[in-house]
Amino acid sequence: MTDHPILIAGGGIGGLAAACGLARKGYRSIVVEQAPALGEIGAGIQIGPNAFHCFDYLGIGDEAREKAVYVDHLRLMDAQTAEDITSIPLDEPFRKFYGNPYAVVHRADLHGVLLKYCEDSPLVDIRTNHVVTGYEQDDTSATLLLKDRDPIKGSFLIGAEGLRSPIRAQMIGDGEPRISGHTTYRSVIPTEQMPEDLRWNAATLWAGPKCHIVHYPLKGGKVYNLVVTYHRDLQEAIAGKPVTKEEVAQGFEHIHPKARQIIEHGKDWKLWVLCDRDPISNWVDGRVALLGDSAHPMLQYFAQGACMAMEDAVALSHCVEHHDDNTENALQRYQEMRKVRTARVQMNSRLIGEYIYHPDDAKAAVRNHVMRGMSPDDWYQQLNWLYGSNGLEDSAVSSVAAQ
């Protein structure tokens, strides 16, 4: 495994996290990215305690904590009545239970922390403007095939290029991703433009029939991240398309004015149509493995896409270290550690989108009744499989969380 560097296709959060984890174990890697410069689009993401476990393992814990905004609650509101459904406090008892906090961060800030670690490490070689077309392998190496460039040989290859990964296309051949029809609009505005009565230090979700609205502070409270989602049944995959405020507001006439004003205050809205894929049981082919959205793309409703990619990176580096003499065994062990957990998050992300975020009538009434009856301790136990170290059984992440 030391004869050639490890190849990583994709310079997003997952690919850079993998490079960080491998460098921490003393392994060289080459990260190739198709864009001419490394960077992240999008806005805010939520990071649960399991992400902080990963930050520490990857060696970026202090830097990531400096970029995070520590919200006081996870707050669920009824978008039709403007009434509270439930609120999960994220105070000291929460942190003590899980061993780490819950926070929000700008995606570009988190990516920047990972990028700086990689740029500062002599073990990570980052190459931009490299378009991946596929791979080849033999008994001792894997070769990354590139458009209009010479192939690159490595000890093994990690495909972390995201939803439409060329590595996955060659390995799995499952075509285009599943288009959910859920349309998400995103905006980031200065805090002074946020309605005063909604400047809560909370990750707030307004749940309504076929729609929801999310807002929370970013950048040390200087801006607010706004996310508006409607199930418009669109069947075209769109990413980052600028749209008008009037388009965003369509279909929200039934939502309470207090929640609807979020749309009015948003600026420079951009549109995404959400996509995912069905879980698969195998994402390893000899010396080639998938990671993050290339392996298990999921809907946004559990706020776990980036977290799962970082967990993958931790598990991968752990397995490589402990199976240094056999690459195929290392990658198979990595897959075994990750496939059930990531599939569970994929499946639950679909379910809570339907039954927690977007239900109407009797389904919404059941949601409200059940969730209003839950105490903070009830929530801690309910989410322990996801955020707690015991939910990461047989994983390197659990050893970090226990420290």
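How many bridges join β8 to strand β9, and in which direction do the two run, parallel or antiparallel?

Tutor: Some conventions come before the answer. This is a predicted model, in which local features need pLDDT of at least 70 and side-chain atom pairs count only at pLDDT 80 or more, while totals for chains, interfaces and linings use all residues. Residues are numbered from 1 along each chain as its sequence is written, and side-chain values use heavy atoms, with hydrogens and water left out.

β8 and β9 (residues 142-146) run antiparallel and are joined by five bridges. Strands here are DSSP runs of E with at least two residues, helices are runs of H or I with at least four, and both are numbered from the N terminus. Two strands pair if DSSP finds at least two bridges between them. Across from Val132 stands Leu146 of β9. Both strands belong to an open sheet of three, ordered β8-β9-β10, with antiparallel pairing. β8 (132-137) and β10 (152-154) are at the edges and have a single partner strand each, so one side of each lacks a neighbour in the sheet. From one strand to the next, the twist averages 25 degrees; axes are lines fitted to C-alpha atoms, for helices over the stretch in contact, with angles from 0 to 180 degrees between N-to-C directions.

Now the charged pairs. A salt bridge is a side-chain nitrogen of Lys or Arg within 4 Å of a carboxyl oxygen of Asp or Glu, and by this rule there are 19 salt bridges. For accessibility, buried means under 20% relative accessible area, exposed over 50%, and partly exposed in between (1.4 Å probe, protein chains only).

Arg75 pairs with Asp84 in a salt bridge whose closest N and O atoms are 3.0 Å apart. Arg75 is partly exposed at 22%, and Asp84 is partly exposed at 38%.

A salt bridge also connects Arg372 and Glu83, at 3.7 Å from N to O. This pair links distant parts of the chain, 289 residues apart: Arg372 is in helix α11 (residues 361-372), Glu83 in the loop between β4 (73-78) and β5 (84-89). Arg372 is partly exposed at 42%, as is Glu83 at 44%.

In the salt bridge of Glu176 with Arg164, the closest N and O atoms are 3.2 Å apart. Glu176 is in the loop between α6 (166-171) and β12 (178-190), and Arg164 in the loop between β11 (157-159) and α6, so the pair ties together parts twelve residues apart in sequence. Glu176 counts as exposed at 58%, whereas Arg164 is partly exposed at 43%.
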